[in-house]
Amino acid sequence: MGAEGEPIVVGVVEDHPLYRAAVARVLADAPDIELGVVADSVGRFAAGRQQPDSVVVLDLKLRGVQDAAAVLEVVGMGHKVLVVSAHAGQAEVLGAIAAGARGYLSKDSDGDEILRAVREIAIGNSYVSPTLASFVLNSSRERHSGPKLVLSDRERQVLSLLAAGERDQDIAEAMNITVRTVRSYLDRIRDKTGRRRRPELTRLAIEEGIAHRAD
């Protein structure tokens with residue numbers, strides 16, 4: 001049970017129909033859980049208006065908003081996110097945790113582990129399956145021992161707008177600079193960080209805490 005004996009409200013965002021139904025059934029059968037909104041995308045979940053401060057079991061590879069951006073959006077609605085994904089590499093785990101996920105499981109996890117993670121997250125704890133925990137521990141050690149990334153204010157602004165989903169043209173208009181200058185900033189960011197693709201740069205913005213800064 002959640003606070004004061006109330007059932008834990010848990011939503012599901014998963015685009016694979018069979019897996020979505022299986023997770024929903026596991027949750028609905030648990031005596032201390034109330035199944036909330038079940039949807040195949042973040043947009044449809046949002047339309048269901050699930051009460052804030054509930055737990056959401058979220059896949060990463062969805063139609064529309066996906067990956068770390070999906071975590072950011074659901075966390076932004078006021079929910080505690082448990083990622084359950086077939087993609088459980090270091091980049092996915094760290095990107096999701098950096099975006100605010102409270103827990104991460106691979107789809108190899110059984111129903112009992114999903115319930116265990118949901119209950120831990122509902123009371124304010126975190127839960128990462130033991131097989132993935134080393135990613136988080138190693139990243140924490142590297143973050144505290146390694147040099148800090150240094151980006152200029154303009155580079156951080158470009159990165160923040162990119163993380164918000166803006167195209168190069170949109171970034172140029174927002175910053176009143178040319179598209180060529182935007183691409184020059186992006187090249188510098190890539191050279192400094194070694195991250196080449198836009199999803200990797202979005203994850204960098206989340207890790208650096210600048211994903212929402214567009215001013």
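This is a predicted model: local features need pLDDT of at least 70, side-chain atom pairs count only at pLDDT 80 or more; totals for chains, interfaces and linings use all residues.

A: A polar contact is a pair of N or O atoms within 3.5 Å; within protein, one of the two must be able to donate a hydrogen and the other to accept it. A polar atom of the Ser109 side chain lies 2.9 Å from the backbone oxygen of Ser106. The Ser109 side chain also makes a polar contact, at 3.4 Å, with the side chain of Glu113. Because buried means under 20% relative accessible area, Ser109 counts as buried with its relative accessibility of 12%.

The protein chain has 10 helices and 6 strands, and 43% of its 215 residues count as buried. Among contacts between residues at least 6 apart in sequence, 62% join residues at least 24 apart. The chain exposes about 11200 Å², of which carbon and sulfur atoms supply 49%.

Elsewhere in the chain, helix α7 (residues 153-163) has 9 of its 11 residues buried, and it is therefore largely enclosed by the rest of the structure. Among these buried residues are Glu155, Arg156, Val158 and Leu162. Their cover includes α8 (168-175), α9 (179-193) and α10 (198-207). Just after α7, Gly165 adopts a positive phi of about 95°.

Note on methods. Residues are numbered from 1 along each chain as its sequence is written. Side-chain values use heavy atoms; hydrogens and water are left out. Buried means under 20% relative accessible area, exposed over 50%, partly exposed in between (1.4 Å probe, protein chains only). Helices (H or I, at least four residues) and strands (E, at least two) are DSSP runs, numbered from the N terminus. Contact means heavy atoms within 4.5 Å. Accessible areas come from the Shrake-Rupley method with a 1.4 Å probe; for residues, only the protein chains shown count as cover.
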